[in-house]
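Q: I am new to this structure. Could you take me through some of its parts?

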Amino acid sequence: MKRKHDNGFPSRDAIVAFIRANPGKIGTREIAREFGLKNADRVELKRILRELADDGAIAKRGRKIHEPATLPPTVVADITGRDTDGELLATPTEWDTEESGPAPKIRIHVPRRPQPGTAAGVGDRALMRIEKLDEGDGALYRGRVIKVIDHARMRLLGIFRPAPGGGGRLVPVDKKQAGRELNIAPSDTGGAEDGDLVSVDLVRARGYGLASGKVKERLGSLSSEKAISLIAIHAHEIPQAFSPSAVHEAEDAQPASLKGREDWRDLPLVTIDPPDAKDHDDAVHAAPDPDPNNRGGYIVHVAIADVAFYVRPGSALDRDALTRGNSVYFPDRVVPMLPERISNDLCSLVPGAPRGALAVRMVIGPDGRKRSHSFHRVLMRSAAKLHYAQAQAAIDGRPDDTTGPLLEPILKPLYAAYALVKLARDERDPLDLDLPERKILLKADGSVDRVIVPERLDAHRLIEEFMILANVAAAEMLEKKALPLIYRVHDEPSQEKVHNLQEFLKTLDLPFAKTGALRPALFNRVLGQVRGEDYEPLVNEVVLRSQAQAEYSAENYGHFGLNLRRYAHFTSPIRRYADLIVHRALIRALGLGEGALPETETLETLSEVAAQISVTERRAMKAERETADRLIAHFLADRIGATFQGRISGVTRAGLFVKLSDTGADGLIPIRTLGTEYYNYDEARHALVGSRSGAMHRLGDVVDVRLVEAAPVAGALRFELLSEGQVIPRSRKRDGSKAQAKPSKSHPGRSPRDKVRKPHKGKSGKAKPGKSKKGKSWKR
């Protein structure tokens, strides 16, 4: 019997109870089915659910409804201490306190006979399976350790510098520890030499003077910038060496043959990659569809290196790949997910060489929409290896010796098919943020040559859209076959972040009226209004910060940024473990031969894998970002006192973070150096405001700064602000509220008449260099 009120609707308490009883498994459809509601009742049900969400009684994660601030069944957590009974306590590693409040506690159940690799202690990071406890319990969750990912760090990482008379000091590589050096006695240097990256045990910390440490391991020499990436590799414990068994398996692997495959060697697929790409794992081809029922349509083929043929489930190569989760890319090196014998040889789609591939054939209608798709295990032969600018130049009328013969039969059909696909993309209207990515170019000695912003070409967009189509096709196929898979998901922004964005946009007189379901188009309308304005970068940055972070999940809740209901990574199994899982699932679903996903891989086990590789992905992103910071800090270290132009990229109570225009380097302006008056943090405006003068420094403002200090090892910079602030007018509107300062085209967020003389340029005393709080990424 369904629990309804007399008016035909369930009570609010009944709805919340049903949600609590089915965490993460239900949406509006399941609630309607549970309480026997008809289609005509859906509007009222959605209204009740909105009220419950506004009251904080429930929360949405994609299309699934949860209790507020609940955790998924599998989570990566840090063990933080013990309770009064001696039981271990943990908190989730990835937890946004601003969005969800204090992190929930997890009480860890330790079995009498723990499985190998599950013995955890305080300071460890572990993959856990958790369950919700009764609210009366002090710990909200009980967890069981599946696997210890990182053990507690009892050591510090830094650069050894010798001291006169023997011994030395440790210069920490952690930005948070910048300026806090460690003393090393002559007997504790471990043979370390000047410039060595070393691991040091903390011997004792004093209330005064330098703490002492003992060198435990020499990790490599940093005598040049060429080794800067070593710092991030060791700091984040990114595996560098493959196990002997994995190396042996890679060396023994034999090239794929035609056995069990379709012969696609005569299909002129081509690879289009960056000019410095070392592996080429995707190839494309397009041709007009001869079917008279699809007049004006195209057939698009996307072939992806058949990594699953070489990396079998449970093998040494598979274990190493899962531990790494993904390849990590630095300006001077790549730490690959798989040995070079696999990634740069057997699975690299080099021209003229037969290669195994898993391919998708997609029929595109004249409206750009995908009409159908099919997957094939093939033997292919790439017709050419092109880079983006080379392909684009040929289309723009400047072919070279390689692209000339390919222009009519291959490149023009590819671009014609892309033109159709773009129609459907524009109609779908995914989130359209304009955030240029900088690339660091190195000299032969590994030092920074220059920093560039590569031009975004149609060739880039072509490959990107074809890969998105293939990823969608993979997810659709596996859902149709009812097989578990790992999705690439991106949740919609939280209500709190949307509210904060609305408040910020009010300060720019930009409307953001949310009616009905949240869609990327709502954000795109705002971005379109500021296109070409001086404060366009500011609004792009704030919109980015309002977004959730993309991740991997065995449960689908869609991809908000791409505006797709289902999406999975299929197109790069050489460098992402998630793609390898999808390949194996397709092989199993379609009976394509060896290397299939084992029957033992269930939704539960894939949830564990998804949680683990989401962490390794964020580890890689952080390591790559820190290495770029260190390289730029080295590049600028001899320019102390120089002035630069930049934009305020972060505003906190600690001060302003500025991103330099030419290099993209981030640095801190401590709040105490802004002037003689007190500055208040205005969260709604993303600004610091002088309490006496009203001078305001806001996120996105263009400013001039002087470089005061550089800490290359930590990648930290400290600036002094030279620009004036804007003034908030003291007049009031008719409704009694204070008028807002409006930005002008001459200076974002500043009216020319509002300029004030800066009361004091500040001091250049010591301060801890820092870094802005980064906006969350929604990368595809």
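Predicted model: local features only at pLDDT ≥ 70, side-chain atom pairs only at ≥ 80, totals over all residues.

Q: Which strands close into a barrel, and in what order?
A: Five strands do so, in the order 3-4-5-7-6, and their pairing is mixed. From one strand to the next, the twist averages 55°.

Q: How many bridges are there between strand 3 and strand 4?
A: Strand 3, residues 74-82, and strand 4, residues 88-92, are paired over five bridges in the antiparallel sense.

Q: And which residue of strand 4 does D78 stand opposite?
A: D78 faces T91 across that pairing.

Q: What holds paired strands together in general?
A: The strands of a sheet pair through backbone hydrogen bonds, in either a parallel or an antiparallel manner.

Q: Moving on, why is strand 15 described as largely enclosed?
A: Strand 15 covers residues 282-288, and five of its seven residues are buried, so the rest of the structure largely encloses it.

Q: Which strand do seven bridges join to strand 15?
A: That is strand 16, residues 298-305, and the two run antiparallel. In strand 16, V302 is the bridge partner of V284.

Q: Now helix 7: is it mostly covered or mostly uncovered?
A: Helix 7, residues 316-324, is mostly covered, with seven of its nine residues buried. Among the buried ones are L317, D320 and R324.

Q: What do the buried residues of helix 7 pack against?
A: They pack against helix 6 (244-252), strand 18 (334-335), helix 15 (577-590) and helix 16 (603-636).

Q: Which residue follows helix 7?
A: G325 follows helix 7, and its phi is positive, near 80°.

Notes: Residues numbered from 1 in each chain as written. Heavy atoms only, no water. Buried < 20%, exposed > 50% of the residue type's maximum accessible area, 1.4 Å probe, protein only. Helix = DSSP H or I, 4+ residues; strand = E, 2+ residues; numbered from the N terminus. Contact = heavy atoms within 4.5 Å. Pairing = 2+ DSSP bridges. Axes fitted to C-alpha atoms, helices over the stretch in contact; angles between N-to-C directions.
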